[in-house]
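Please examine the structure shown below.

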Amino acid sequence: MLSAKGTATPSGARGTARPATDDSQPPAVISHPLRVAIIGGGPGGLYAAALLKRLDPTREVTVWERNAPDDTFGFGVVLSDETLGGIEHADPVVYAALQEHFTRWDDIDIVHRSTRQTSGGHGFAALGRKRLLEILHARCRELGVELRFRTEAPYPAWLAETYDLVIAADGVHSTTREAYTHVFRPHVAEHHCRYIWLAADFALTSFRFEIAETEHGVMQLHGYPYAADASTVIVEMREEVWERAGFAELDEQESVERCAKIFAEALRGRPLKSNKSAWTTFRTVVNERWSHGNIVLLGDAAHTAHFSIGSGTKLAVEDALALAACLEEQASLERALAAYEDERKPVVASTQRAARASLEWFENLGLYLDQPPRQFAFNLLTRSRRVTHDNLRLRDAGFTEAVERDFGCPPGTPPMFTPFRLRGLTLRNRVVVSPMDMYSATDGVPGDFHLVHLGARALGGAGLVMTEMVCVSPEGRITPGCAGLYSGRQADAWRRIVRFVHTQAPGTAIGVQLGHSGRKGSTKLMWEGIDEPLDDGNWPLVAPSPLPYKQYSQTPRELGRAQLTDIREQFTAAAWRAARAGFDLLELHCAHGYLLSGFLSPLTNRRTDAYGGSLEKRLRFPLEVFDAVRAVWPEERPMTVRISATDWAEGGTTGEDAVEIARAFAAHGADAIDVSTGQVVADEQPEFGRSYQTPYADRIRHSAGLPVIAVGAISSWDDVNSLILAGRTDLCALARPHLYDPHWTLHAAAEQGYDGPGVVWPAPYRAGSRRPQTGRTDAPKPRLTLSG
């Protein structure tokens, strides 16, 4: 048989996919694909087939599916209103068919320690996966798509030569992706929990999360209805719990029966059923590229997101919608595939960040078991950061207000405007202006710029305003523009700033952060070349070990015993000056690769004496400095410590290490830990994203049992309220938002309609305490709209 391109069908074309060689070249792409091959007959592949055939009935669209049409794995599928809206506009026929079979509900139930908390207004829609496939099979046949069941797709290279477009929708174990790993460059991460996908023969009345504390450890059930007489039930637990419980030795039926017994109350004593169900670990799939010539990845082949935040089917269907739209909008296939990737990658990355946060929350579920019942439920509901305090209030105001009452919020008071006490200092709200280096001092002396910078933010309503890292010696500066506290002149300048804050912004506290640059010193101002050595006038650097920060950086001198004593005394003298200047709080900077951080990380401390080696020894000098500073710092004033909770680098500080570091400082009298991450080594690989550092603060707070300050891409007052009310942090430190808006806290109060003791508008600013009117903004139009 000859294809339209005149290429003979190869022998064994329906056999197992054959890998392409590294030097294989994809054929030239064309402007409009008329022959489309789709590998994989799951919902994403089928929906892409139906859309492409509907957009152009002259297209030849073929789907290869290795399984029979009635084979399916898993049970129910959840789709969001957003996804359904896209389906409705793109294919009303499919939407109408789905509508007939949807099971809808609003409530989420969280059951823990025999207490059930219910939150409503969430709006779910689900149907059986088998029914979904039947609807899509029927639609594809109606439109003329060729469906080849029980048939392995030909190997990708042949399909790419024979068809204009090849869509690889062949799942998490995609053979197409593996055939071109050198192009797609996938990264697959496995996680710490085992789970099994099961079903019950009755309909739950809500999305139910149930926690079981067993002799083997914590287990959880995720369940939801998908038909009038059926529910999906997923049982999940950490790998070590799964092993201790003996599931590794049980067969499929024995596992099913054991799960039904553990969660008998949720299941009303009914049995569970399986469908070739097996315990597995979730795999997060990320690809650097999604297309290669005329081959494109779709759905789980391109990406995965943990089931606890929704359905992989949802993402696959949205992929299909976007791909079809891009093929219609762009003048060439090459541009269409590039546009598809550009459009979907940021959306998927955001979903994967949320999924990762949710996944890790369940992995660390044991940390939260002792939270009050409603706070535990709120914490679970907001775990992914997709649901927040503000939108949960819109969904279920009664539940949210009950959580606030339990937390201690006075009526009408958002969590961020509740007070917090550290030793003898009571902060009127939970907002901190994070330390931000300004590089604008002269000979270490803060000037008018610092007065205006810190004064403006103090007037802006934050409970605590922190200085930049104030250096304890000239050699301890990062740049020539860094501020210091190693002279009386500098102390006088700081006293002027402190006096302004206390006088003009009464109720606002001001704290000083003391530090020493270590191996990261003697560099240019940030805007002249961050971390680059000075062109001239460099001063010698010191560090725990003689390791340069970057290849072109100056190599520091390893500190000897006498120098360690000198530096400890420099910190002590600076702390004494800070106390006399009137600062309300002192923070010791043990983060970001500066001197004290350099002692803590195994990547920067290679010493073999009493100050290097084990974590206990690496802690020795930072604790000596802390003790010396605490001895001269007034007893009633609090001290905090900023740490890097991870180095974001192999072999560096881990989350477990961070908990031990926090415990050590707490044992020496630290009142709170300011939890940052990274900036310790130049080759770090941080996982950026909204609130990306807060899980480390959360872990320290619950593991070490001491107050924490969360930092890191916290950008909205809604985030602050959510994190505090969930119990993941006590205070939130924000940097860039306060550069964008010095009055961020005042504006947060205005936007929430709050006028109480948690924030006070300066008398000259009160006329601006109401949010100005804004113009109308319209919602975006549907992504893809087709005529009926």
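Leaving aside its neighbours within four places in sequence, with which residues is Phe665 in contact? Taking contact to mean heavy atoms within 4.5 Å, Phe665 touches Cys590, Leu619, Pro622, Leu623, Phe626, Val641, Ala670 and Ile673. The model is a predicted one, in which local features need pLDDT of at least 70, side-chain atom pairs count only at pLDDT 80 or more, and totals for chains, interfaces and linings use all residues. Residues are numbered from 1 along each chain as its sequence is written, and side-chain values use heavy atoms, with hydrogens and water left out.

Phe665 and Leu514 have the most contacts inside the largest nonpolar core, which has 85 residues. A nonpolar core is a set of buried Ala, Val, Leu, Ile, Met, Phe, Trp, Tyr and Cys residues joined through side-chain atoms within 4.5 Å; buried means under 20% relative accessible area with a 1.4 Å probe, protein chains only. Helix 18 (residues 561-581) gives the largest share of this core, 8 residues. Another core lies apart from it, with 71 residues, including Tyr155 and Leu333. In soluble globular proteins, nonpolar side chains tend to be buried together.

The UniProt record, an unreviewed entry, places the feature "domain: NADH:flavin oxidoreductase/NADH oxidase N-terminal" at residues 416-749; such annotations may be inferred rather than shown by experiment. The end C-alpha atoms of residues 416-749 lie 9 Å apart. This span is 36% helix and 16% strand, where helices (H or I, at least four residues) and strands (E, at least two) are DSSP runs, numbered from the N terminus.

Terms used
Buried < 20%, exposed > 50% of the residue type's maximum accessible area, 1.4 Å probe, protein only.
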